[in-house]
Amino acid sequence: MTPVCLVNEAINGALKDFLVFDIAPEVYSSLIVIGIIIILAIIVGIQSHFHNPLKKTRGLLFLAETGTQFFDNLVSNMMGPSFRGFGGYVMAIAVYLFIAFIFGLTGLPSPVTYLAVPLSLGLCTFVLIHATSVRFTKFQYFKRYIDPFPIFLPINLISMWSPLLSLTLRLFGNALAGWVLMSIVYSALEQLSSLIFAFLPAGVNSIFIAPIITPILHAYFDLFSGFIQTTVFIFLTMIFIGQEEPEDIAQQYVEEGGK
């Protein structure tokens with residue numbers, strides 16, 4: 001084979017690899033979760049548009065109003081009045097994360113067990129941390145990398161990534177650990193069921209014990225653990241971003257009445 005043919009074959013192979021989109025199942029699960037949130041948001045928007053303010057809110061609209069008020073108050077108490085309006089972002093992250101955790105109950109893969117999803121959420125917080133610092137300190141932002149002495153520049157450049165790693169690996173590690181444990185339990189219970197009900201046809205005899213025991217484990221790993229990890233993530237997000245506001249600016253904002 002001539003060198004020209006070898007080059008053409010290599011180029012054709014590279015183009016084929018580039019055009020093949022190998023999308024992980026967790027990405028589809030994430031898109032479904034986002035679709036669910038969009039549908040809920042549209043329903044809430046329609047209900048709020050036709051709602052009579054003189055009547056008591058009910059159902060999904062009441063839940064949305066309660067959640068909005070809760071997260072606005074939470075952000076105001078933890079981050080200060082200068083972050084007013086930030087509650088919408090925190091609420092969106094909390095709703096997405098919690099639904100993503102419990103999405104595994106459907107039998108489809110949970111989006112949080114795919115590293116790209118926790119990494120994307122961590123990157124959002126990471127960008128907001130530095131954007132908030134630039135917002136308050138302007139060009140003094142770059143001073144943080146040479147404090148307390150310029151010799152600390154390499155260390156500061158490395159440590160700046162710690163919030164991203166902390167948020168990403170904590171979320172991914174806990175979700176992956178729960179998924180691995182549940183997979184081991186399901187495999188063990190299927191084998192135990194196959195031994196006990198060996199007189200039944202293969203495949204059918206493995207489904208009897210797991211539905212009795214696993215709901216309790218799902219209640220912990222999907223519901224309780226999902227709630228805890230969601231809470232930890234949004235609290236760390238608020239802490240990391242809120243601490244970028246200088247104390248003198250925060251005090252001045254309070255003295256001016258948050259105007």
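Guide: Of the contacts in the protein with a separation of 6 or more, 68% join residues 24 or more positions apart; a contact means heavy atoms within 4.5 Å. This is a predicted model, in which local features need pLDDT of at least 70 and side-chain atom pairs count only at pLDDT 80 or more, while totals for chains, interfaces and linings use all residues. Residues are numbered from 1 along each chain as its sequence is written, and side-chain values use heavy atoms, with hydrogens and water left out.

Visitor: How many helices and strands are there in the protein?

Guide: The protein has nine helices and zero strands, where DSSP runs of H or I count as helices from at least four residues, and runs of E as strands from at least two. The pattern along the sequence is α-α-α-α-α-α-α-α-α.

Visitor: Why are H3 and H8 called oblique to each other?

Guide: The axes of H3 (residues 59-79) and H8 (residues 210-242) cross at roughly 45 degrees and come within 10 Å. Angles under 35 degrees count as roughly parallel, over 145 as roughly antiparallel, 65 to 115 as roughly perpendicular, and the rest as oblique. H3 and H8 are therefore oblique, and their crossing is right-handed.

Visitor: Which residues of H3 and H8 meet?

Guide: From H3, Phe71, Leu74, Val75, Met78 and Met79 meet Ile234, Phe235, Met238, Ile239, Ile241 and Gly242 of H8. By class, this contact of H3 with H8 holds 10 nonpolar, one polar and no charged residues. Gly counts as polar in this scheme.

Visitor: Why is Leu74 called buried?

Guide: Buried means under 20% relative accessible area, exposed over 50%, and partly exposed in between, with a 1.4 Å probe and protein chains only. Leu74 has 13%, so Leu74 is buried. Leu74 lies in H3 and touches Phe235 and Met238, leaving aside residues up to four places away in sequence. Across the protein, buried residues make up 32% of the 259 residues.

Visitor: What makes H3 and H4 oblique to each other?

Guide: H3 and H4 (residues 87-102) pack at an angle of about 120 degrees, with axes 8 Å apart. That pair is therefore oblique as well, and H3 passes H4 in a right-handed crossing.

Visitor: Which residues of H3 and H4 meet?

Guide: Ala64, Gly67, Thr68, Phe71, Asp72 and Val75 of H3 meet Gly87, Gly88, Val90, Met91 and Ala94 of H4. The contact of H3 with H4 has six nonpolar, four polar and one charged residues.

Key. Axes fitted to C-alpha atoms, helices over the stretch in contact; angles between N-to-C directions. Left-handed = near helix turned anticlockwise from the far one by under 90°.
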